[in-house]
Amino acid sequence: MVLGDSFPDNKKRDYVDRSLVPGMILRLFCPFTSPPKYKFILLLSMNPEPVFFIINTKPNRFVLRKFPDQQIPVIQRDYTFLTHDSYIECSTPRSDFTAEDMRAKVLADLGRIKGMLTEADRAAVVVAIKRNRTIETRQKRRLIKDFQAV
């Protein structure tokens, strides 16, 4: 339980809405992973629905071999919630949650909001999106625009 859980519902909703912005890192249960489990995710956009990258404790070997510039390291010392160095998997933007579902999950436990990506790591993610060879150009432009808007 975090302090914010004891706030009135309208204050919690305001806090969640202000927190669900590009660059925010959340910890959500991801039923689409194998096996399903809690994962850190990096929010890229909420427009019109959430788009995010998954953060892994180890780089995805397949992606690392095929697209080495799409695994952005995040160093544990820069993020109090990480227990070890991790990697943002930037090859595949995900949209597995609706905005309503994401808000509900975060409202149920405000501790799912972990913190903002550092400016240096944000710049590295933008470079990875620009270099990405699997995302359509139009989607890249939109993701970069939304991700840099905050």
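Helices and strands are DSSP runs, numbered from the N terminus, a helix having at least four residues and a strand at least two. With these terms the present structure, a predicted model, can be described element by element.

**Cis peptide bonds**

Most peptide bonds are trans. In this model, the bond from Ser-34 to Pro-35 is cis, with omega near 0°. Pro-35 belongs to the loop that runs between strand S1 (24-30) and strand S2 (37-45). Asn-47 and Pro-48 are also joined by a cis peptide bond, for which omega is about 0°. Pro-48 is located in the loop between S2 and strand S3 (51-56).

**The buried face of helix H1**

Helix H1 comprises residues 9-19, and within it Lys-12, Val-16 and Ser-19 are buried. Viewed down the axis of H1, its buried residues fall within an arc of 65°, so they line one face of the helix. What lies over these buried residues? The cover includes S1, helix H3 (99-108) and strand S6 (113-116).

**Two cysteines without a disulfide**

A disulfide is a covalent bond between the sulfur atoms of two cysteines. The number of disulfides in this model is zero.

Is Pro-22 buried or exposed? Pro-22, in the loop between H1 and S1, is buried because its relative accessible area is 10%, and the limit for a buried residue is under 20%. Leaving aside residues up to four places away in sequence, Pro-22 touches Leu-43, Leu-44, Ser-45, Met-116, Arg-122, Asp-146, Phe-147 and Val-150. Pro-22 and Phe-52 are 30 residues apart along the chain, and 8.7 Å separates their C-alpha atoms.

At 37% relative accessibility, Val-127 counts as partly exposed. The C-alpha atoms of Val-127 and Pro-36 are separated by 29 Å, and these residues are 91 apart along the chain.

The accessibility values of the residues discussed are set out below.

| Residue | Relative accessibility | Class |
|---|---|---|
| Pro-22 | 10% | buried |
| Val-127 | 37% | partly exposed |

**The largest pocket**

Rolling a probe the size of a water molecule over the atoms shows where empty space is left. The largest pocket holds about 350 Å³ of space. It is lined by 14 residues, of which Thr-33, Lys-39, Ile-54, Asn-56 and Asn-60 are the closest to its centre. Which elements give two or more residues to this lining? They are S2, S3 and strand S5 (86-94). S5 contributes the most, with three residues. By residue type, the lining of the largest pocket divides into three nonpolar, six polar and five charged residues.

Methods. Residues numbered from 1 in each chain as written. Predicted model: local features only at pLDDT ≥ 70, side-chain atom pairs only at ≥ 80, totals over all residues. Heavy atoms only, no water. Buried < 20%, exposed > 50% of the residue type's maximum accessible area, 1.4 Å probe, protein only. Arc of directions from axis to C-beta. Contact = heavy atoms within 4.5 Å. Disulfide = S-S within 2.5 Å. 1 Å grid on protein atoms, 1.4 Å probe; cavity = no way out; pocket = protein on both sides within 12 Å on 5 of 7 lines; lining within 4 Å. Points joined across faces, edges and corners; volume = space filled by probe spheres on them. Nonpolar A, V, L, I, M, F, W, Y, C, P; charged D, E, K, R; others polar.
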